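Have your viewer ready and follow along.

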Amino acid sequence: MKTLIIGEVVDNKLSSGALEIVTKANDLGLDYEIVTVGSEESPNIGSESFKNTYIKCSENKLSLGSVADKLKNIIEENTISLVLAPSTYVGRDLIAFLSVDFKSSQVSNVINFEIEGESVITSNSINGGESEYNSKISSPNKFLLIRPKSFEEAALDLNTNFETVEITSEDPEVFDIFIEEKTGPQLEDSKIVISAGRGMVDSENLSLVQDLASKLNAAIGGTRAIVDAGWMPYSQQVGQTGKTVKPDVYIALGISGATQHQVGMKDSKYIIAVNKDEEAPIFQIADLGLVADTLSIVPKITENL
Ligand SMILES: Cc1cc2nc3c(=O)[nH]c(=O)nc-3n(C[C@H](O)[C@H](O)[C@H](O)COP(=O)(O)OP(=O)(O)OC[C@H]3O[C@@H](n4cnc5c(N)ncnc54)[C@H](O)[C@@H]3O)c2cc1C
C-alpha cells in the first residue's frame, strides 16, 4: 500500500513522531515516503532508507494551507492511499485540510494499525485510555493520526539527503513569535521523568522536586491539577490533555493517579509512586509504591543519592 508519512523538524532533526511511524511502516513492509515540513535551512531529516521531500516554509508565514495543497499534489501524483501523521498541532491541521480535500474522514488517536487487503484496520484509544475500539477503513484515501509513543522510534543515521520544495505563498504573515524557553531534560525524550501532583502541597515545595530531578538528570512534569493552579506551565502537563511520556522510570510524587493522568504515563517502563494514601489509584499501576509524606521523603531520597 503506497504510504506517505508526514514529518516535522524538531531541533533541526526529523521529529520523534515521524520516526515512531517509520518503525511501524518498516514492520509492515509498507512502500512509504516522507514529506517533512519545517523552516530550517538544512535539517537532518534524510536517510538512505526512504525518500524525503522537505517542504520548506517561511518562518514568517502561516503556510499550512499551502503545505496541504502541496501534499494533495504529491498524494495524487504518486497515487498514495495511506497518509500517516503524528498527532501534533501541525499533523492535526494538515490531516484536517487533506481529509476535506479528499472527502475522507480522518481517524484520530490511532495506537496501532494493520493492513488487510486494500483496507486498514486501526486500534484507537478513547475515554482517556480506558477503552479501545477498532475501525476498518476501506475508502481509497486513508488518513490516520497516530498517538505519540505508540511505537518505538526508529534508530537511523539521519543526514541531509532530501529534496527541497520551497513554499512561496500569500498566506497570513506572522509578526511575532514567542518561543518558550526550555532548559534541562525535556519531558518527551528523558529517560527519567519526575511528576508532581497536588500532594506536593504548595508550589514552593516544587524546589524539592527540582533538587531530586537535578540529581537524576530527570525531566519534570505535573498533573493538570497543579498546572491549573498555576504551579507549572501547561507544557509540562502529563496526561490525556497534556503530554504522553514513556520513560524508563516515572516517579509520581503526590499524584492520585486519575485515569486522565495515567493515560499519559502508564506505558513507562518502571513506575514509582509516593502518596500518603495507600488506596490512591496510582499504586495500582506502580512497580514500587511508597506510602509516605512527600515533603519528608523526597528530601531524604535526594540526600541519599
Ligand atoms: C477531560 C479531562 C482531562 C484531564 N486531563 C488531565 C491530564 O492531562 N493530566 C492530568 O494530570 N489530569 C487531567 N485531568 C484531571 C484529573 O482527573 C485529576 O483531577 C488530576 O490528575 C488530579 O491531580 P493530582 O493527582 O495532582 O491531584 P489529586 O487528585 O488531588 O491528588 C493528590 C494526591 O496527593 C496525595 N497527597 C496529599 N498530600 C500528600 C502528602 N503530603 N504526601 C503524599 N501524598 C499526598 C493525596 O493522597 C492524593 O492522592 C483531566 C480531567 C478531565 C475531566
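## The ligand shell

Which element gives the largest share of the shell around the ligand? That share, 3 residues, belongs to α5. Before going on, please keep in mind that this is a predicted model, where local features need pLDDT of at least 70, side-chain atom pairs count only at pLDDT 80 or more, and totals for chains, interfaces and linings use all residues. Residues are numbered from 1 along each chain as its sequence is written.

Around the ligand there are 29 residues, and Gly197, Gly199, Arg224, Gly239 and Ser256 come nearest; a residue is near a molecule if its C-beta atom, placed from the backbone, lies within 6 Å of it. Two or more residues of the shell come from each of α5 (224-228), α6 (259-262), β14 (270-275) and α8 (294-304). Helices (H or I, at least four residues) and strands (E, at least two) are DSSP runs, numbered from the N terminus. By class, the shell has 9 nonpolar, 15 polar and 5 charged residues. Here Ala, Val, Leu, Ile, Met, Phe, Trp, Tyr, Cys and Pro count as nonpolar, Asp, Glu, Lys and Arg as charged, and the others, Gly among them, as polar.

## Two domains

The protein chain is assigned domain 1 (2-166) and domain 2 (192-304), with bounds from an automatic or database domain assignment. Their centres, taken over C-alpha atoms, are 32 Å apart. Domain 1 gives 6 residues to the contact and domain 2 gives 8, where contact puts C-beta atoms, placed from the backbone, within 7 Å. The side of domain 1 that touches domain 2 consists of 1 nonpolar, 2 polar and 3 charged residues.

## Helix α4

In α4 (residues 206-216), Leu208, Val209, Leu212 and Ala213 are buried (20 or more other C-beta atoms within 10 Å of the residue's own; exposed means 12 or fewer). These buried residues fall within an arc of 135° seen down the axis of α4, so they line one face of the helix. The arc is that of the directions from the helix axis to the C-beta atoms.

They pack against β11 (192-196), β12 (219-222), β13 (249-253) and α8. On the other side of α4, Ser207, Ser214 and Lys215 are exposed.

## Helix α1

Among the buried residues of α1 (residues 16-28) are Gly17, Leu19, Ile21 and Val22. Their cover includes β1 (2-10), β3 (31-38) and α3 (89-101). Just after α1, Gly29 takes a positive phi of about 65°.

Key:
Two residues are in contact if their C-beta atoms, placed from the backbone, lie within 7 Å. The expected span of a helix is 1.5 Å times one less than its number of residues.
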